[in-house]
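This report is written for a reader who meets the structure for the first time. Please keep the sequence and the 3D view at hand while reading on.

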Amino acid sequence: MKKSIYKNYDELPLFLNAKILAEVLGIAPSSAYELMHEKGFPVLKVGNRLLVEKSKFKEWIERNTGG
């Protein structure tokens, strides 16, 4: 598995694309795209791009892992 260049939450960019999301979660980019299409996942659609705001991603993690 490829190591993430991000060592903590503060180093993440304001918006995460599928590539960054995959890197952070340690999953394949195709799995990140699938996750971004799941109901309840905090995606922002900008044109054809799917993005996730860093703070919404953190909230989603906390909700889905019990905090």
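The accessible surface of the chain comes to about 4900 Å², and 53% of that area belongs to carbon and sulfur atoms; such areas come from the Shrake-Rupley method with a 1.4 Å probe, and for residues only the protein chains shown count as cover. This is a predicted model, in which local features need pLDDT of at least 70 and side-chain atom pairs count only at pLDDT 80 or more, while totals for chains, interfaces and linings use all residues. Residues are numbered from 1 along each chain as its sequence is written, and side-chain values use heavy atoms, with hydrogens and water left out.

**Overall build**

The chain holds three helices and three strands, where helices (H or I, at least four residues) and strands (E, at least two) are DSSP runs numbered from the N terminus. Read along the sequence, these elements follow the pattern β-α-α-β-β-α. The radius of gyration of the chain is 11 Å, close to the 11 Å that the globule rule gives for 67 residues, so the chain is as compact as a globular protein of that length; the radius is taken over C-alpha atoms, and the rule is 2.2 Å times the number of residues to the power 0.38. Taken along the principal axes, the C-alpha atoms fill a box of roughly 30 × 25 × 20 Å.

Of the 67 residues in the chain, 28% are buried, which is said of a residue under 20% relative accessible area, whereas exposed stands for over 50% and partly exposed for the range in between (1.4 Å probe, protein chains only). Among the contacts with a separation of 6 or more, 36% link residues 24 or more positions apart, a contact being heavy atoms within 4.5 Å.

**The sheet**

The three strands form an open sheet in the order β1-β3-β2, with antiparallel pairing, and two strands are taken to pair if DSSP finds at least two bridges between them. The edge strands are β1 (15-16) and β2 (44-46), each of which pairs on one side only. Two bridges join β1 to β3, and in β3 the bridge partner of Leu16 is Val52. Three bridges join β2 to β3 (residues 49-53), with Arg49 of β3 as the bridge partner of Val46. The hairpin of β2 and β3 has two residues between the strands, and Gly47 takes a positive phi near 65 degrees there.

**Two residues in their setting**

Phe41 lies in the loop between α2 (29-36) and β2, and this residue is buried, with a relative accessible area of 8%. Leaving aside neighbours within four places in sequence, Phe41 is in contact with Leu21, Leu35, Met36, Val52, Phe57 and Trp60. Ser31, found in helix α2, is partly exposed, with a relative accessible area of 32%.

The table gives the C-alpha separations of two residue pairs.

| Pair | Apart in sequence | C-alpha to C-alpha |
|---|---|---|
| Phe41 and Phe15 | 26 residues | 14 Å |
| Ser31 and Lys58 | 27 residues | 18 Å |
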